[in-house]
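Please keep the viewer open as you read.

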Amino acid sequence: MVGLAVDYLTRFMSGASPQEAFEISLRGASNIGEDALAAKLLAEVKGLDDRSITNAIKLTRFDVYYRAGLGYKPVSEIKPDQATIQNVRTMVERPLHFLEVYGPKLLDGFTFEGGYIDTVSKGAGDLTTADTLWDFKMSKRKVQKESTPCNYSCTGGWACIRFIRNFKASSI
């Protein structure tokens with residue numbers, strides 16, 4: 001849930017509407033008849049304050065009902081602690097700063113339906129800039145030498161990024 005909250009909050013804070021940023025969560029909520037609760041939570045996501053982050057984490061719990069159709073934990077039982085809230089805030093601030101340096105963002109939250117080659121049937125990316133596709137990853141661990149931007153086994157929410165250079169955003 002934390003990784004999804006970071007992803008969706010980053011999309012929202014970098015210009016996507018709340019409905020666009022949390023689209024999968026809203027679809028999942030709709031699948032189980034929790035549209036009103038999801039709308040209430042979404043209305044309280046306004047930035048990177050504690051309440052917004054808590055509600056974003058709660059909202060992402062609905063994703064499972066869109067992606068897998070099972071495993072719902074009542075939103076009332078989700079109570080992120082202060083350390084989690086601060087970690088989410090930090091992990092959202094990093095890509096926002098990244099976009100200030102390398103942006104602007106052209107696309108976000110896209111998929112490659114049909115995949116790339118015969119053995120890779122699907123894929124996704126977090127965002128694109130003018131010439132690069134970026135895929136951010138979250139982790140509790142500090143970035144290790146082995147977790148460099150070009151390492152596809154990278155797990156670094158600390159700032160590890162997978163990327164493809166000289167890519168044309170217009171090709172998606």
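## Overall make-up

The chain holds 7 helices and 4 strands, where helices (H or I, at least four residues) and strands (E, at least two) are DSSP runs numbered from the N terminus. Read from the N terminus, the order of these elements is α-α-α-α-α-α-α-β-β-β-β. This is a predicted model, in which local features need pLDDT of at least 70 and side-chain atom pairs count only at pLDDT 80 or more, while totals for chains, interfaces and linings use all residues. Residues are numbered from 1 along each chain as its sequence is written, and side-chain values use heavy atoms, with hydrogens and water left out.

Of the 172 residues in the chain, 40% are buried; buried means under 20% relative accessible area, exposed over 50%, and partly exposed in between (1.4 Å probe, protein chains only). The chain exposes about 9700 Å², and carbon and sulfur atoms supply 54% of that area. Accessible areas come from the Shrake-Rupley method with a 1.4 Å probe, and for residues only the protein chains shown count as cover. Among contacts (heavy atoms within 4.5 Å) with a separation of 6 or more, 54% join residues 24 or more positions apart.

Two packed helices are described by the angle between their axes and the distance between the axes. Here, axes are lines fitted to C-alpha atoms, for helices over the stretch in contact, and angles run from 0 to 180 degrees between N-to-C directions.

How do α4 and α5 pack? Helix α4 (residues 35–43) and helix α5 (residues 50–60) meet at an angle of about 150 degrees, with their axes 8 Å apart. This angle makes α4 roughly antiparallel to α5; angles under 35 degrees count as roughly parallel, over 145 as roughly antiparallel, 65 to 115 as roughly perpendicular and the rest as oblique. On the α4 side the contact is made by A38, L41 and L42, and on the α5 side by N55, K58 and L59. These residues divide into 4 nonpolar, 1 polar and 1 charged. In this grouping, Ala, Val, Leu, Ile, Met, Phe, Trp, Tyr, Cys and Pro count as nonpolar, Asp, Glu, Lys and Arg as charged, and the others, Gly among them, as polar.

Helix α7 (residues 82–102) also packs with α5: their axes come within 10 Å and cross at roughly 90 degrees. The two helices are therefore roughly perpendicular to each other. From α5, D50, I53, T54 and I57 meet Q82, T84, I85, V88 and R89 of α7, a contact with 4 nonpolar, 3 polar and 2 charged residues.

## Single residues to look at

T10 lies in helix α1 (residues 2–13) and counts as buried at 8% relative accessibility. Leaving out residues up to four places away in sequence, T10 touches M91, V92, P95 and L96.

G47 sits in the loop between α4 and α5 and is buried, with a relative accessible area of 9%. Beyond four places in sequence, G47 contacts L9, F12, M13 and S52.

T132 belongs to strand β3 (residues 132–136) and is buried, at 0% relative accessible area.

The table gives C-alpha separations for these residues.

| Pair | Apart in sequence | C-alpha to C-alpha |
|---|---|---|
| T10 and R89 | 79 residues | 9.6 Å |
| G47 and T10 | 37 residues | 9.8 Å |
| T132 and L106 | 26 residues | 10.0 Å |

Finally, most peptide bonds are trans. The bond from G103 to P104 is cis, with omega near 10 degrees, and P104 is placed in the loop between α7 and β1 (107–111).
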